[in-house]
Amino acid sequence: QVQLVESGGGSVQVGGSLRLSCAASGDLRSNAVMGWYRQAPGKERELVAAITSGGTTNYRGSMKDRFTISRNNPKNEVYLQMTNLQPEDSAIYYCNAGARSLAGRGNYWGQGTQVTVSS
């Protein structure tokens with residue numbers, strides 16, 4: 001079993017920054033993809049970014065312009081640095097792990113952390 005615990009969410013004003021962290025514990029494969037998804041009220045959960053153990057990344061659309069995903073393999077942690085946040089970035093952000101490739105979703109999810117961006 002794998003547990004994912006997120007931290008770092010909160011409320012910021014437009015243009016602000018936040019750094020999300022996710023720590024994985026349990027029996028996670030060392031080569032598992034880790035990533036971040038988000039879900040806004042009334043919308044489907046969508047990929048924000050994912051990263052392989054080798055550091056290859058995949059971002060949704062133009063998010064790469066403002067968001068940076070990174071990973072610490074020995075610690076089994078993944079991070080999401082978000083800059084120039086906009087109101088449309090407001091959502092619950094979920095850590096995901098376990099996929100075998102950047103094209104898939106893993107089976108493991110964190111409990112989510114709220115990000116609220118206000119103008």
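Visitor: Is Tyr37 buried or exposed?
Guide: Tyr37 counts as buried, because its relative accessibility is 6%. Buried means under 20% relative accessible area, exposed over 50%, and partly exposed in between, with a 1.4 Å probe and protein chains only.

Visitor: What kind of model is this, and what are the ground rules?
Guide: This is a predicted model: local features need pLDDT of at least 70, side-chain atom pairs count only at pLDDT 80 or more, and totals for chains, interfaces and linings use all residues. Residues are numbered from 1 along each chain as its sequence is written, and side-chain values use heavy atoms, with hydrogens and water left out.

Visitor: How many aromatic pairs are there?
Guide: The structure holds 2 aromatic pairs. Rings of Phe, Tyr and Trp (its six-membered ring) pair if their centres lie within 6.5 Å; planes under 30 degrees apart count as stacked, over 60 as edge-to-face, the rest as tilted. Tyr37 and Trp109 have ring centres 5.1 Å apart and planes at 70°, so the pair is edge-to-face.

Visitor: Which strands do Tyr37 and Trp109 sit in?
Guide: Tyr37 is in strand E4 (residues 33–39) and Trp109 in strand E10 (residues 108–109), so the pair ties together parts 72 residues apart in sequence. Strands (E, at least two residues) are DSSP runs, numbered from the N terminus.

Visitor: And the other pair, what's its geometry?
Guide: For Tyr94 and Trp109, the ring centres are 6.4 Å apart and the planes at 90°, so this pair is edge-to-face. Tyr94 lies in strand E9 and Trp109 in E10, so parts 15 residues apart in sequence are tied together. Ring pairs link Tyr37, Tyr94 and Trp109 into a cluster.

Visitor: How exposed is Trp109?
Guide: Trp109 counts as partly exposed, because its relative accessibility is 29%. Tyr94 is at 12%, so Tyr94 counts as buried.

Visitor: Where does Arg45 lie?
Guide: Arg45 lies over the face of Tyr94, 3.7 Å from the ring centre. Arg45 also lies over the face of Trp109, at 4.6 Å from the ring centre. The test: NZ of Lys or CZ of Arg within 6 Å of the ring centre and within 35 degrees of the ring normal.

Visitor: New topic. Which residues of strand E11 are buried?
Guide: In E11 (residues 113–118), Thr113, Val115 and Val117 point to one face and are buried.

Visitor: What pairs with E11?
Guide: Strand E2 (residues 10–13) runs parallel to E11, joined by 4 bridges. Strand E9 (residues 91–99) pairs with E11 in the antiparallel sense over 3 bridges. Strands pair if DSSP finds at least two bridges between them.
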